Amino acid sequence: MRPPARAALGLLPGLLLGLLLGLPREASPKPTPCRRCRELVDKFNQGMVDTAKKNFGGGNTAWEEKSLSKYESSEVRLLEIVEGLCGSSDFECNRLVEEHEEQLEAWWLRLKKEHPDLFEWFCVKTLKVCCSPGTYGPDCLACQGGSERPCSGNGRCSGDGSREGDGSCQCHLGYRGALCTDCMDGYFSALRNETHSVCTACHESCKLCTGPTSRDCTQCQAGWAQEDGACVDVDECAAETPPCSEQQFCQNVGGSFQCEECDPTCVGCTGKGPGQCKECIAGYTKESGQCADVDECSLPEKPCLRKHENCYNTPGSYVCVCPEGYEETEDACVQAAQPAGEEATAETPTAPPSREDL
């Protein structure tokens with residue numbers, strides 16, 4: 001039995017031309033033969049799930065099953081599964097199916113009961129592009145630590161399940177050694193016997209340790225010091241020479257410190273916000289414990305001295321401005337001459353402009 005020819009294959013030249021004429025794309029890593037085979041098997045297995053409860057679709061299912069063999073193991077079901085394996089534009093998938101459809105048919109009709117694992121039979125033993133889990137390389141040798149628990153279960157075997165790699169162990173975080181049975185610095189051995197090794201993280205204060213608490217440290221991390229049998233945090237902010245600049249305040253954190261900027265109204269500070277200033281910048285004064293803007297225009301001694309001049313407070317300062325309709329001179333704001341035919345305005349200055357206009 002051969003499935004009908006796929007219409008998608010007839011579109012191959014046109015689709016390739018379209019791809020060549022399209023915008024350039026960043027090349028993605030080409031899937032390995034093993035990965036392609038595994039993906040095909042996964043789709044085949046999913047096809048078996050999707051068709052598990054179907055039948056021939058005719059009116060007399062009992063007669064069809066008796067006369068044409070059961071749908072469950074029929075060529076009709078195989079054809080439905082195969083036709084759903086590849087998208088029309090997945091050229092590699094279609095090529096793989098076309099090249100190996102006879103093997104898939106043989107497995108389905110004659111070998112499925114003897115070899116129920118399609119991946120093992122098709123990818124490992126027939127095409128020989130993959131290895132069984134726990135083995136690697138051209139000859140599918142056992143990974144370091146054995147194929148049952150490669151790398152003691154604490155790492156990944158290089159080439160595991162493929163015909164590639166060298167079988168060496170790439171250890172998970174916390175483990176080291178050829179078989180990933182030893183603990184890295186910052187971890188201690190919580191369990192170790194002939195079959196298992198479990199490494200657990202030390203307390204953050206420990207560089208080396210024998211247990212999980214700060215009292216189990218055999219060497220402290222930088223920023224921590226031994227005190228009364230435990231590693232305790234060093235308060236760098238309490239040092240005689242402050243570690244931060246004059247316009248910063250120091251915040252102690254576990255094993256280190258952070259320098260944070262003072263509020264813009266401060267000259268030196270002890271913490272965050274205008275309430276932590278040591279002194280205030282010019283134009284600000286301590287008010288209810290905070291550096292607040294001084295309203296120079298409300299002071300008894302007025303800062304704007306020219307006649308008719310308006311005073312406007314600004315953050316940390318003030319400005320002196322002549323009202324609309326007045327011109328500046330060295331000693332006063334003088335009402336501007338009015339064009340002929342217009343009535344002269346009163347000498348009372350106009351309302352001050354909004355702060356946004358300053």
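**Helices, disulfides and a hairpin in a predicted model**

Among contacts in the protein chain (heavy atoms within 4.5 Å) between residues at least 6 apart in sequence, 31% join residues at least 24 apart. The structure is a predicted model, in which local features need pLDDT of at least 70 and side-chain atom pairs count only at pLDDT 80 or more, while totals for chains, interfaces and linings use all residues. Residues are numbered from 1 along each chain as its sequence is written, and side-chain values use heavy atoms, with hydrogens and water left out.

The protein chain contains seven helices and 22 strands. These elements are DSSP runs, numbered from the N terminus: helices are H or I with at least four residues, and strands are E with at least two. Of the 358 residues, 30% count as buried. Buried means under 20% relative accessible area, exposed means over 50%, and partly exposed lies in between (1.4 Å probe, protein chains only).

Helix 3 spans residues 33–50. Its 18 residues reach 26 Å from the first C-alpha to the last, close to the 26 Å expected at 1.5 Å a residue. The expected span is 1.5 Å times one less than the number of residues. Six names make up the buried set of helix 3: Cys 34, Cys 37, Leu 40, Val 41, Phe 44 and Gly 47. They cover an arc of only 145 degrees around the axis, which puts them on the same side of helix 3. The arc is taken from the directions from the helix axis to the C-beta atoms. An α-helix has 3.6 residues a turn, so residues three or four places apart point the same way. Val 49 and Asp 50 are exposed on the other side of helix 3. The cover over the buried residues of helix 3 includes helix 5 (75–83), helix 6 (91–111) and helix 7 (118–126).

Helix 7 buries Leu 118, Phe 119, Trp 121, Phe 122, Cys 123 and Val 124. These residues pack against helix 3 and helix 6. At the start of helix 7, a side-chain oxygen of Asp 117 comes to within 3.1 Å of the backbone nitrogen of Phe 119. Just after helix 7, Lys 128 adopts a positive phi of about 55 degrees.

Two cysteines also take positive phi values. Phi of Cys 140 is near 55 degrees, although Cys 140 is a residue other than glycine. Cys 140 sits in the loop between strand 1 (135–136) and strand 2 (141–142). With 21% relative accessibility, Cys 140 is partly exposed. Cys 180 has a positive phi of about 60 degrees and is likewise not a glycine. Its place is the loop between strand 5 (175–176) and strand 6. Cys 180 is buried, at 0% relative accessibility.

Cys 183 lies in strand 6 (residues 182–183) and Cys 199 in strand 8 (residues 197–201), so the pair ties together parts that are 16 residues apart in sequence. Both cysteines are buried.

A disulfide also joins Cys 220 to Cys 231, with an S to S distance of 1.9 Å. The torsion about the S-S bond of Cys 220 and Cys 231 is about -90 degrees, so this disulfide is left-handed. Cys 220 belongs to strand 10 (residues 217–220) and Cys 231 to strand 12 (residues 230–233), so the pair ties together parts that are eleven residues apart in sequence. Cys 220 and Cys 231 are buried.

Cys 262 and Cys 269 form a further disulfide, S to S 2.0 Å. The torsion about its S-S bond is about -80 degrees, so the disulfide is left-handed. Cys 262 is buried, with a relative accessible area of 10%. Cys 269 is buried at 5% relative accessibility.

Strand 17 (residues 284–287) and strand 18 (residues 290–293) pair in the antiparallel sense over four bridges. Pairing requires that DSSP finds at least two bridges between two strands. Lys 286 stands opposite Cys 291 in strand 18. The hairpin of strand 17 and strand 18 has two residues between the strands. There, Ser 288 takes a positive phi near 55 degrees.

Note on methods:
A disulfide is a pair of cysteine sulfur atoms within 2.5 Å. A polar contact is a pair of N or O atoms within 3.5 Å; within protein, one must be able to donate a hydrogen and the other to accept it, and residues adjacent in sequence count only if both atoms are side-chain atoms.
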